[in-house]
Amino acid sequence: MSSDVYIIGIGATKFSPSTPEFSFKELMYEAAVKAYNDAGIDPRKDLDVMVTAAEDYWEGISIFDEYVPDQLGAVLKPVFTVSGDGLWGVAHAHMLINTGQFDVVAVEAHSKASDIVDIQSIWRMALDPYIHRPLVDNVHVFAGLEMNIFMESLDVDRDAVSLVVSKNMGNALGNPLAPYGADVDPDMVNESEVVSYPLRSMDISKYSDGAVVAVLASRKVVEDLGVDAPRILGIGWVSGSSYIEEWDFAAPEFVWRAGQLAYSMANINDPYDSIDVAFIDDRYSFRELQSIYTLGLDNGYSLNELVYNGVTYPDGDLPVNPFGGYLGCGYPLVAGGLQKLYNAVMYMRSGGGDVETALVMTRMEYPSPSAAVAILGW
Amino acid sequence: MKLPGTPYKNEDFKAGKIPYVEDKPDARYQFSVGIAMSRFLEELRKGKIIGIKCIHCGRVYVPPRTFCSYCFKPTSKWVYVKDTGIVNTAVVSYIAADRGRMDKPLVVAVIELDGASPGMGILHKLGNVDPEDVTSRKIFGKRVRAVWKPEEERTGSITDILYFEPVEED
């Protein structure tokens with residue numbers, strides 16, 4: 001399958017720990033106005049389809065997909081919602097445009113995590129009610145299970161993991177949309193509170209509110225507008241088993257397969273050589289290293305070497321989450337993938353043509369873990 | 001007539017005859033109402049209904065929103081509308097939230113308020129209405145006005161209006 005779909009515009013609100021002054025509709029509108037302005041289109045005339053990504057329990061509103069058209073310029077247009085992360089929405093928009101039936105499809109996702117009184121209680125309801133809820137109250141247990149075997153299997157140092165936190169929170173200092181930028185010493189991470197050993201509190205991305213809208217378009221539209229827009233070279237998503245006991249805890253196969261789908265579409269055989277910058281899952285600090293390994297971005301380095309040699313730092317051979325990742329921007333629930341896409345597009349635009357290819361990847365759970373990967377290029 | 005299948009009763013579950021797992025969801029939210037709805041609710045506390053006008057296309061929205069759904073421009077001009085209007089559509093509901101039958105049916109209507117654009121209205125209850133006027137559709141187009149809670153009982157909620165009732169027409 002080939003890909004001839006472009007990102008002609010993208011807009012985002014700031015990401016904040018809480019946004020009591022705005023309703024979710026007002027956040028969505030801000031991101032949409034910015035995105036359409038960025039794309040140079042009038043949604044009332046030019047938008048063919050609107051795709052949103054949402055989960056009812058994050059919203060606190062059943063059948064949430066019915067709440068979206070007005071604030072996105074999509075009244076009296078085809079609208080549908082993907083029950084998941086916004087990067088899955090991008091994959092659906094990509095398919096719609098590739099059918100040849102639609103030229104402009106926008107994708108929206110947002111987070112109002114601060115509206116949820118006890119977010120762990122919502123995570124808990126995602127767990128199997130028969131055999132897991134009676135045992136586990138806090139989903140960070142599963143991240144701890146994953147982190148422990150990952151570090152053991154791939155011989156990853158605690159300091160290497162802590163340096164991911166230090167790097168990403170430091171990277172966020174230069175990102176005006178990021179709320180959690182900080183100068184963090186790895187020792188601070190090592191000494192932060194144990195949540196589910198070896199996972200510590202600073203290994204966990206804090207939540208953020210925010211909204212992102214991306215405008216995707218066909219080549220015809222790009223040519224009509226006469227703009228230079230990043231193209232989606234490849235995109236794919238894959239789910240693992242919904243039986244948590246059967247997860248590939250150390251090096252998840254579903255991540256590898258999602259990467260292979262995207263690489264195959266983009267004709268990429270050597271990811272490390274082909275990818276200039278990566279915006280990948282770091283909801284938990286160790287996930288950044290795990291994703292690098294599973295997506296074949298390690299270039300034969302051990303993961304410790306990769307970090308200690310500065311390969312993933314902003315001036316390294318493969319910058320990873322150079323605008324702060326979830327650790328620095330906050331984890332905006334289902335808007336996570338679009339937050340990373342936004343950062344990738346901004347990074348590519350600011351690169352003066354030197355950044356040829358960017359990889360965007362995020363994960364969802366529970367109970368089925370799944371990953372989506374997109375490759376952007378010019 | 002004997003119907004096919006196995007009949008279950010609540011007692012069967014309590015007696016352990018049918019395997020089940022009980023769990024109590026704990027989903028609690030505190031919704032940020034935002035710029036437009038905050039003003040709307042605060043005005044209700046004062047006994048007033050406020051809308052907002054899109055300067056670009058002239059629509060007056062009630063309840064207010066910060067964006068125009070149809071031209072996608074920001075709305076910016078607050079306008080008070082009257083607490084009177086006409087019934088656009090109405091329904092008589094006999095079923096309660098627990099699926100039980102209500103002794104006294106609930107009449108719900110969409111009311112186009114005076115001062116709002118045609119087709120813009122709020123959903124509310126109708127009081128002092130004969131359900132027969134709804135089932136016969138005589139209520140459509142009838143003028144109604146809001147019946148408010150006493151000022152000291154208002155909380156900044158849509159329920160500060162108790163219901164709308166018909167207005168005697170000349």
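Ser239(A) sits in strand β8 of chain A, residues 231-239 (strands are DSSP E runs of at least two residues, helices H or I runs of at least four, numbered from the N terminus). The model is predicted, so local features need pLDDT of at least 70 and side-chain atom pairs pLDDT 80 or more, while totals for chains, interfaces and linings use all residues. Residues are numbered from 1 along each chain as its sequence is written, chains are lettered from A in the order in which they are written, and side-chain values use heavy atoms, without hydrogens and water.

**Ser239(A)**
- Ser239(A) is partly exposed, at 47% relative accessible area (buried is under 20%, exposed over 50%, partly exposed in between; 1.4 Å probe, protein chains only).
- Leaving aside residues up to four places away in sequence, Ser239(A) touches Phe254(A), Pro369(A) and Ser370(A) (contact means heavy atoms within 4.5 Å).
- Ala178(A) is 61 residues from Ser239(A) along the chain, and their C-alpha atoms are 29 Å apart.

**Chain A overall**
- Chain A has 15 helices and 11 strands.
- Its radius of gyration is 19 Å, close to the 21 Å that the globule rule gives for 378 residues, so chain A is as compact as a globular protein of that length (C-alpha atoms; the rule is 2.2 Å times the number of residues to the power 0.38).
- The C-alpha trace of chain A spans about 55 × 45 × 35 Å along its principal axes.
- Buried residues make up 63% of the 378 in chain A.
- Of the contacts in chain A with a separation of 6 or more, 78% join residues 24 or more positions apart.

**Interface of chains A and B**
- The contact involves 37 residues from chain A and 23 residues from chain B.
- About 2300 Å² is buried between the two chains, 59% of it from carbon and sulfur atoms (the accessible area, with a 1.4 Å probe, that two parts lose on being put together, summed over both).
- On the chain B side, Tyr29(B), Phe67(B) and Phe72(B) lose the most area to chain A, together 30% of what that side buries.

**Backbone features**
- Most residues other than glycine have a negative phi, and most peptide bonds are trans.
- Phe72(B) has a positive phi near 70°; this residue lies in the loop between β2 and β3 of chain B and is buried, at 8% relative accessible area.
- In that loop, between β2 (60-61) and β3 (77-81), lies Pro63(B), joined to Val62(B) by a cis peptide bond with omega about -5°.
- Ile63(A) has a positive phi near 55° and is exposed, at 51%.
- The bond from Tyr197(A) to Pro198(A) is cis, with omega near 10°.
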